[in-house]
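Take them one step at a time, and look at each residue as you go.

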Amino acid sequence: MTDVRPGRAPGRRRAVTRAAARAVLRAAGLLAGSAVVVSAATAVLPADAVTVRAGGRVDPAALAELRAAAGLDRPWPVRFLTWVAGLLSGDPGRSLVSGRPVADLVAGRAGTTAVLVVAALVVAVPLAALLARRRGAAVAAVGSAVPPVVVAVGLATLLSGVLGWVPPVSLLPPGEPAWARPDLLVLPVLALALPSGAFAAGQLRGVVEDVAARPFVRDAVLRGVPAPVVALRYAGPFVAAPALRVLAVTAGSLVAGSTVVETLFGVAGLGELLVGAVATRDLPVVSAVALLAASVVVAGTLAADLAAAAAGRP
């Protein structure tokens, strides 16, 4: 019988509102913490952009002037606060190497990486759902243990070297969007999706098995309820929040994993930009790309927390 006691619905709404507020505050804290970690990690890199660019060919006095002009002589807390102020105003700074706005550099590469990540998620999500079942446990364990670079090399050897189905590199013509050449995306997308799908399956398998063993789900199966209905109506509300959290981590790992894959296959995306920026100690670019990857994870985690709050579950 439905509980219609006065105050029941308003009380639940207040609980949901409080849970959602906590989720937003937690996401803000995670994002702030990520900014601190990213900035601190880039600050401890050996040498800096001016020193790397000089290559030992500039006398110490001139080098000190160049470092001062780039703002690298200031203490890290000052540089961090300046960077945060710029982020809050929509200006992540300028490249220490090219002098171009960081926002333009990131925007010019973000579209390609976004296509790779979305396409990889399209492959990884159903793969994770398939492997999360008991029968796929061994495959998920092996797949998540294999380093992505090994997967990438193996795929290139098989699909390009042996079968000749796709090009070995993914060099896009200048100005052409990534989605316009799907044949060039096969190798990098699969190299990202296969390990990520196996990892996500390993994270979700315990949750799926726990929900599948619950009495109301088993009763629905015994009553002959179609499997899609069981999955969406009975199990879905309990799996949604954990699945969204795993999806958030997977999406963030795909952005980070694109560093290796884009470099290996010659894709001009954020990963390749990050590798070049680290090599030249272009700290504003490194910080922007790293924080963007962290933001993907935080945003997905916030979505999962809000879904859990709406469902009235922790």
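A residue counts as buried under 20% relative accessible area, as exposed over 50%, and as partly exposed in between. Keep in mind that this is a predicted model.

**Exercise 1.** Find which side chains meet in a salt bridge, and decide how R109 is classed by its relative accessible area.

*Solution.* 
- Step 1: Start with the total, which is 1 salt bridge in the structure.
- Step 2: Its partners are the side chains of E272 and R109, with 3.3 Å from N to O.
- Step 3: R109 sits in helix α5 (residues 102-131) and E272 in helix α11 (residues 270-279), so the pair, 163 residues apart, links distant parts of the chain.
- Step 4: Apply the classes above. R109 has a relative accessible area of 24%, and is therefore partly exposed. E272 is partly exposed too, because its relative accessibility is 29%.

**Exercise 2.** Describe the second largest pocket: what is its space, and which residues are the closest to its centre?

*Solution.* 
- Step 1: The space in this pocket is about 410 Å³.
- Step 2: It is lined by 20 residues, and R74, R79, T82, W83 and P284 are the closest to the centre.
- Step 3: Turn to the helices. At least two lining residues come from each of α1 (8-43), α4 (76-88) and α12 (283-310). The largest share belongs to α4, with 5 residues.
- Step 4: Sort the lining by class, which gives 9 nonpolar, 7 polar and 4 charged residues.

Conventions
Residues are numbered from 1 along each chain as its sequence is written. This is a predicted model: local features need pLDDT of at least 70, side-chain atom pairs count only at pLDDT 80 or more; totals for chains, interfaces and linings use all residues. Side-chain values use heavy atoms; hydrogens and water are left out. A salt bridge is a side-chain nitrogen of Lys or Arg within 4 Å of a carboxyl oxygen of Asp or Glu. Helices (H or I, at least four residues) and strands (E, at least two) are DSSP runs, numbered from the N terminus. Buried means under 20% relative accessible area, exposed over 50%, partly exposed in between (1.4 Å probe, protein chains only). On a 1 Å grid over the protein atoms alone, a cavity is a set of points where a 1.4 Å probe fits but cannot get out, and a pocket is an open set with protein on both sides within 12 Å along at least five of seven lines; lining residues have an atom within 4 Å of a point. Grid points are joined across faces, edges and corners, and a volume is the space filled by probe spheres set on the points. Ala, Val, Leu, Ile, Met, Phe, Trp, Tyr, Cys and Pro count as nonpolar, Asp, Glu, Lys and Arg as charged, and the others, Gly among them, as polar.
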